[in-house]
Amino acid sequence: MGSVPYRGGAPALNDLIGGHIPLSVNNVPEAKAQLDAGAVRALGVTTATRSPVLPSVPTVAEAGLPGYDTGLWWGVVAPAGLPPAVKAKLERSVAEAVKAPGVSQRLLGLGAAPVGSTSDDFAALIRAEYDKWGPVIKAAGIRGE
């Protein structure tokens with residue numbers, strides 16, 4: 001069996017629920033409502049640690065593929081050359097907003113685990129992801145346009 005590319009998680013979830021495909025890899029926020037409704041069952045999360053949103057679901061590594069670690073993340077980016085004072089204020093404001101109880105609970109309810117890290121931490125994450133996946137993307141001939 002090969003992979004079937006979809007134009008998003010919703011069509012893949014529809015086909016999974018309809019019995020047209022046997023499994024799908026989706027983002028937790030995208031699948032959360034269907035998981036909560038019992039329409040689909042989570043078999044594993046792809047991150048190195050269990051999701052705070054789905055704490056009873058094992059990681060793929062725990063389920064038998066040691067070293068498996070890939071996840072989804074979002075962040076706020078700004079133009080290069082942003083004045084340091086503006087960058088610092090933006091970084092503080094975003095971290096505070098993400099950690100605010102109402103926002104944090106809403107994100108968790110949607111299936112996202114809020115972090116609110118520093119811009120240096122986020123830049124390191126982006127670099128690590130690029131270092132990990134860049135060669136795979138290039139080898140597959142995928143262009144980032």
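Helices are DSSP runs of H or I with at least four residues, numbered from the N terminus. The close-up views below come from a predicted model.

**View 1. Thr 70 in a loop between two helices.** Thr 70 lies in the loop that runs between helix 2 and helix 3. Its relative accessibility is 18%, and a residue under 20% counts as buried, so Thr 70 is classed as buried. Leaving aside residues up to four places away in sequence, Thr 70 touches Thr 46, Thr 47, Lys 132 and Trp 133.

**View 2. The contact of helix 1 with helix 2.** Helix 1 spans residues 9-17 and helix 2 spans residues 28-37. Their axes come within 10 Å and cross at roughly 30°. Angles under 35 degrees count as roughly parallel, and helix 1 and helix 2 are therefore described as roughly parallel to each other. Their crossing is right-handed. On the side of helix 1, the residues in contact are Gly 9, Ala 10, Leu 13 and Ile 17; on the side of helix 2, they are Glu 30, Ala 31 and Gln 34. Sorted by class, this contact holds four nonpolar, two polar and one charged residues.

**View 3. The largest nonpolar core.** Nine residues make up this core: Leu 13, Val 28, Ala 31, Leu 35, Val 40, Val 45, Val 53, Leu 54 and Val 57. Helix 2 gives the most to the core, with three residues. Val 53, one of the core residues, touches Val 28, Lys 32, Leu 108, Gly 111 and Ala 112, when residues up to four places away in sequence are not counted.

**View 4. The contact of helix 3 with helix 4.** Helix 3 covers residues 84-99, and helix 4 covers residues 101-110. The two axes come within 5 Å and cross at roughly 65°. Angles of 65 to 115 degrees count as roughly perpendicular, and this is why helix 3 and helix 4 are described as roughly perpendicular to each other. Helix 3 contributes Ala 97, Val 98 and Lys 99 to the contact, while helix 4 contributes Pro 101, Val 103, Ser 104 and Leu 107. By class, five of these residues are nonpolar, one is polar and one is charged.

**View 5. Asp 120 in helix 5.** Asp 120 belongs to helix 5, which comprises residues 119-139. With a relative accessible area of 57%, Asp 120 is exposed, because the cut-off for this class is over 50%. Asp 120 and Glu 91 are separated by 29 residues in sequence, and their C-alpha atoms are 9.9 Å apart in space.

Key:
Residues are numbered from 1 along each chain as its sequence is written. This is a predicted model: local features need pLDDT of at least 70, side-chain atom pairs count only at pLDDT 80 or more; totals for chains, interfaces and linings use all residues. Side-chain values use heavy atoms; hydrogens and water are left out. Axes are lines fitted to C-alpha atoms, for helices over the stretch in contact, and angles run from 0 to 180 degrees between N-to-C directions. Angles under 35 degrees count as roughly parallel, over 145 as roughly antiparallel, 65 to 115 as roughly perpendicular and the rest as oblique. A crossing is left-handed if the near helix is turned anticlockwise from the far one by less than a right angle, and right-handed if clockwise. Contact means heavy atoms within 4.5 Å. Ala, Val, Leu, Ile, Met, Phe, Trp, Tyr, Cys and Pro count as nonpolar, Asp, Glu, Lys and Arg as charged, and the others, Gly among them, as polar. A nonpolar core is a set of buried Ala, Val, Leu, Ile, Met, Phe, Trp, Tyr and Cys residues joined through side-chain atoms within 4.5 Å. Buried means under 20% relative accessible area, exposed over 50%, partly exposed in between (1.4 Å probe, protein chains only).
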